[in-house]
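This report describes how the parts of one protein chain are held against each other. Please consult the sequence and the model shown here while reading.

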Amino acid sequence: MAPSIRLSPAARSLFDEPLAIAVQGLGPRQQVTLRTSLRDETGELFQASARYQAGDDGELDLARCPALPGGSFSGLEPMGLLWALQPQKPFWRLVKRDVQSPFLLQLEVLEGHGERPGRLLAQAQHERAFLRDGVRRVPVRDGRIRATLFLPPGEDTFPGIIDIHGLGGGLFEPRASLLANHGFATLALAYYQFEDLPQEPKELNLEYFEEAVNYMLQHPQVKGPGVGLLGFSKGAEVSLAMAAFLKNIMAVASLNAPVVATCIPFSYEDKIIPTATLYEHKAKATNSKFLDYSDVIEDPFQAPDNQSLIPLEKAEAQFLFMVGQDDRVVKSEYYATEVCKLLQAQGKENFQILSYPGTGHCIDPPFFPLYHIGSHPVFHKRAVLGGELRAYSKAQVHAWSQIQAFFKKYL
């Protein structure tokens, strides 16, 4: 019988779901190379490969067979061929703009373990989708709000989450769309450089974000009495500021947040939170010649009465701080630890820190490729963002399950 690839689910799975991969019909103990390829929406190619040896029965199940040294990874890693995907164009990040179409994953089985791939023995295609059947994508243009709401299937009410992305502007939908598959009404919120929103805001007006909270609470399918916030980087900083100043925020999951205002000050009613000073000269060159910017933000805990520190002691919400120990953009583990000490000193216990070794600034949903060297969001120079492939792949899966458990508990 000719070799063939067996996938489960067979034709289509959600991007954050595991995919079982097996090959049947090989010769006893036959050596093969498995290769995965995926093209992003701009046509850039991402690839991973691993070397395997079939069992005595000619079967190869990635859940039971370890990858041998010499490929993108080794050891027992059933999802390695997905999390080890890396761009062929250096420093390129896998981004999904249109969540209504899936990524197409190509799998190939090639003969032998050579530097050059051998004869093609089998191939398969598989769709990695962002929306479960029945999830609705609703563009929102309500008052000033520019956003997209994702609603799970059915007519029930669902816990409501606002998802806020980092610096770079625009409307970012992948994380919100994936969360909706798990039963959350999720609003992906843009706040600058999108449609008629400001291109270069002089300040971030928290009233805008308050409108988004009110929009969610007035929606017939959002279960009150409050909402959750999920923020990454600058978006996590925005989420913390919202929790400090706005009502009806029950839970905030923060991914690698500065706990001070950075780059753009916040305003609310008559209050302003000024930005912390950035000292670009404190950037360090690494031995790879890229810059490490983790020390450039002025330390808010060393300056008494620092005005740029977000006053989290005012917040009623529960906080989940998720931090990468190898974050080279923000000293996120230090910030989370110090801010939680301040909360503790005020007798508060509304916080939890999850700290991930070998994980850098980007903590994406599961199976997004590691993006560890890229453009710095402020200085626009090539920078180390941090992270190591295998540790990061484990952190993604764990953090994603913890985010869902946290929101289920508090919403």
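## Terms and basis

A polar contact is a pair of N or O atoms within 3.5 Å; within protein, one atom must be able to donate a hydrogen and the other to accept it, and residues adjacent in sequence count only if both atoms are side-chain atoms. The model is predicted, with local features requiring pLDDT of at least 70 and side-chain atom pairs pLDDT 80 or more, whereas totals for chains, interfaces and linings use all residues. Residues are numbered from 1 along each chain as its sequence is written, and side-chain values use heavy atoms, with hydrogens and water left out.

## Domains and their interface

The protein chain comprises domain 1 (4-129) and domain 2 (136-410), with bounds taken from an automatic or database domain assignment. Their C-alpha centres are 32 Å apart. To the contact (heavy atoms within 4.5 Å), domain 1 contributes 24 residues and domain 2 contributes 25 residues.

Between them the two domains bury about 2300 Å², of which 63% is on carbon and sulfur atoms; buried area is the accessible area (1.4 Å probe) that two parts lose on being put together, summed over both. Trp-83, Phe-91 and Arg-93 supply 33% of the area that domain 1 buries against domain 2, more than any other three residues.

## Polar and charged links between the domains

Across the interface of domain 1 and domain 2 there are 7 residue pairs in polar contact, with both residues at pLDDT 80 or more. On the side of domain 1 that touches domain 2, helix H1 (80-83) and strand E9 (120-129) are the elements that give two or more residues. Helices (H or I, at least four residues) and strands (E, at least two) are DSSP runs, numbered from the N terminus.

The count of salt bridges between the domains is 3, a salt bridge being a side-chain nitrogen of Lys or Arg within 4 Å of a carboxyl oxygen of Asp or Glu. Glu-77 forms a salt bridge with Arg-390, their closest N and O atoms lying 2.6 Å apart.

## Salt bridges in the whole structure

The structure as a whole holds 24 salt bridges. In one of them, Arg-35 is joined to Glu-108, with 2.9 Å between the closest N and O atoms. Arg-35 belongs to strand E4 (residues 31-39) and Glu-108 to strand E8, so this pair ties together parts that are 73 residues apart in sequence.
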